[in-house]
Amino acid sequence: NFVQQKESQLPLEPRNQCAMMRKRSLQKLTVVSLTALLFSSINGFSLPSSKHALTKRNSSTRLAVVPGIDDSVITIATSASDLWTSYNSALETDPLITKSITAGVILGAADFAGQALEAKTKESSEETSIDFGRAARFAFFGFILQAPWNHFYYLLLDGALPPTDDPLTATTGIKVVIDQFVQAPIFTVIIFVFLGLLEGKNIESINKQLENDYKNTMVANWKLWVPATAVNIAFCPPLFRVLFLNCVFFFWSIYLSLTLNKEEEN
């Protein structure tokens, strides 16, 4: 009220400018508040209870009655929050199938991204078609192997070396070493063999590809996955480790897609 009284004493044009600035500030504040509300649950990796969910809906309702706020902003924020809550519930009730579906979607999308990169980098001006079978193989790999492997692997790892309250401990370091220098080399071989068999390659061709690409693939793996694994093990709760891994695996799958299919292109 004080600000409005002061503004009313100004000439018409400055008064309109002040009103417009106040409206924009209110909109920005509302968007920031909604973003903080949405990511507060993600940042804490906590499963909201019905009471918390009700609080969020009430908060959105209060924001909706503020003049000048677009209803679509409220709807998007509320929908995203509800989607995240539903995903958390699915992880609690059906963790394996939820992680598998997530991995299948992410890895399939990663191969589509890899194919798009290939099309842009090709010197030929010929129009390239999308290989849906190739993307389906990566999605199947994520669903049937990648997510289940990591689901049970982390259960085994945390059972042998339980998580510590302090993220920066010797236990975390040991887990990273086990993950990257014991598990990763084995799983990378499995990836080559699994995807090679899905493509119809024989064992001789797969062995040749391992001889040509395995060493470079492992070097690239350690550049990406050593720091990513350290963050994953140190800071992500066990329930969300495979989700974090799947997000990073999107970019790693693009690299794998390009590597495993370059021989076929040649």
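At 14% relative accessibility, aspartate 158 counts as buried (buried means under 20% relative accessible area, exposed over 50%, partly exposed in between, with a 1.4 Å probe and protein chains only). Before going on, keep in mind that this is a predicted model, where local features need pLDDT of at least 70, side-chain atom pairs count only at pLDDT 80 or more, and totals for chains, interfaces and linings use all residues. Residues are numbered from 1 along each chain as its sequence is written, and side-chain values use heavy atoms, with hydrogens and water left out.

So what does aspartate 158 form with arginine 241? It's a salt bridge, with the closest N and O atoms 2.6 Å apart (a salt bridge is a side-chain nitrogen of Lys or Arg within 4 Å of a carboxyl oxygen of Asp or Glu). This pair links distant parts of the chain, as aspartate 158 is in helix H6 and arginine 241 is in helix H9 (residues 241-265), 83 residues away. Helices (H or I, at least four residues) are DSSP runs, numbered from the N terminus.

Lysine 175 is buried at a relative accessible area of 1%.

Now look at the two helices themselves. H6 and H7 (residues 170-198) pack at an angle of about 155°, their axes 11 Å apart (axes are lines fitted to C-alpha atoms, for helices over the stretch in contact, and angles run from 0 to 180 degrees between N-to-C directions). That makes H6 and H7 roughly antiparallel to each other, a label for angles over 145 degrees.

Next, go to arginine 134, whose side chain meets that of glutamate 118 in a salt bridge (2.9 Å, N to O). Arginine 134 sits in H6 and glutamate 118 in H5, 16 residues apart. Arginine 134 is buried, with a relative accessible area of 6%, and glutamate 118 is buried as well, at 10%. A search of the whole structure finds five salt bridges.

Valine 105 is exposed, with a relative accessible area of 56%.

Conventions:
Angles under 35 degrees count as roughly parallel, over 145 as roughly antiparallel, 65 to 115 as roughly perpendicular and the rest as oblique.
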